[in-house]
Amino acid sequence: MRALSAAELLEAWERGLAANLTERMLILLGPSCPDLTGDELADMPLGGRDALLMELRALLFGPACTAVAACPGCGEQLEATFPVARLRVAADPPPPEVLRLHNGGVDVAFRVPSSSDLLALAAAGTAPDIRQLLSRCIVEAWGVDRAAIGSEDLPEVVITAISDGMAAADPQADVELALACQSCGAMWSAPFDIASFLWAEIHAWVQQLLRDVHLLARAYGWREPDVLALSPVRRILYLELIGQ
Ligand SMILES: [Zn+2]
């Protein structure tokens, strides 16, 4: 994996503006992971994608993350800073291509979801509903008489078991952040979604970057590519020189 330059990241952000979150992550990972094809990235289990996003995040913005959350005990807003590596689940072994379970008289063969599955649901205008997702991820399901069962006819208990099986096989796709409130001592955990977290950070970074481009272009007559080519350190030093 390689980090994106300021110009590449700005371009990826611009392309991602009209895209959904799943597409945005593929737009970011494409140029960052030159060894993987677009199809390989799209068909990767979501946990594998999230592990790559965490690696990319550390390359772009450093290893420490700060998340903001409201305490469920007292409502206090708190900031938690933690190394992004803490959210990495041991990567081995990767989820098997096909998982199997037997539950409630039903046998199911299924796989864990990928970006392609989320994109297909988004293209169909479907909310990310578990049954819709399962209709793509179930390879085969059959009852006691070996009769095939469609995902829409699976009992709720089997849906839950498949969902649990997916989470167990691909734990990186479903990470929780342990939080503690200094004010009231409450302790809880909250889901941490690296995709929306990273996109929000990139969005904030772009706003700051464009402001810097504006100020430096106006002060020195430089063009946008000139400013984007500066290292962050030199950009800050020039901004200081023009009193910003
Ligand atoms: Zn609290």
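How are the donor residues of the zinc ion spaced in sequence? The pattern is C-x2-C-x106-C-x2-C. One caution before I go on. This is a predicted model, so local features need pLDDT of at least 70 and side-chain atom pairs count only at pLDDT 80 or more, while totals for chains, interfaces and linings use all residues. Residues are numbered from 1 along each chain as its sequence is written, and side-chain values use heavy atoms, with hydrogens and water left out.

Back to the zinc ion. Its protein donors are the SG atoms of Cys-71, Cys-74, Cys-181 and Cys-184. They lie 2.3 to 2.4 Å from the ion. A donor here is an N, O or S atom within 2.8 Å of the metal, or 3.2 Å for Na, K and Ca; water is not among the atoms, so sites may look incomplete.

What is the geometry of the site of the zinc ion? Tetrahedral, with angles of 104 to 113° among the four donor atoms. For four donors, that label asks that all angles lie between 85 and 135 degrees. The ideal angle for four tetrahedral donors is 109.5 degrees.

Now burial. Cys-71 counts as buried because its relative accessibility is 3%. Cys-74 is at 40%, so it counts as partly exposed. The cut-offs: buried is under 20% relative accessible area, exposed is over 50%, partly exposed is in between, with a 1.4 Å probe and protein chains only. Of the 244 residues in the chain, 41% are buried.

Next, the overall layout. The chain has 10 helices and seven strands. Those are DSSP runs, numbered from the N terminus: helices are H or I with at least four residues, strands are E with at least two. The C-alpha atoms fill a box of roughly 80 × 50 × 35 Å along the principal axes.

On to a sheet. Three strands form an open sheet in the order β3-β4-β5, with antiparallel pairing. Two strands pair if DSSP finds at least two bridges between them. β3 (99–103) and β5 (138–142) are the edge strands, each pairing on one side only. From one strand to the next, the twist averages 15°. Axes are lines fitted to C-alpha atoms, for helices over the stretch in contact, and angles run from 0 to 180 degrees between N-to-C directions.

β3 and β4 (residues 106–110) are joined by five bridges. His-102, for one, has Asp-107 in β4 as its bridge partner. Helix α6 (residues 130–137) packs on the sheet and touches β4 and β5. Its direction makes about 95° with that of β5. Contact means heavy atoms within 4.5 Å.

Last topic: aromatic rings. Rings of Phe, Tyr and Trp (its six-membered ring) pair if their centres lie within 6.5 Å; planes under 30 degrees apart are stacked, over 60 edge-to-face, the rest tilted. The count comes to five aromatic pairs. Take Phe-82 and Phe-192: ring centres 5.8 Å apart, planes at 85°, so edge-to-face. Phe-82 sits in strand β2 (residues 77–83), and Phe-192 in the loop between β7 (187–191) and α8 (194–220). They are 110 residues apart. Phe-82 is buried at 3% relative accessible area, and Phe-192 is buried at 10%. Ring pairs link Phe-82, Phe-192 and Phe-197 into a cluster.

How values were computed
Tetrahedral: all angles 85-135°; square planar, octahedral: opposite > 155°, others 65-115°.
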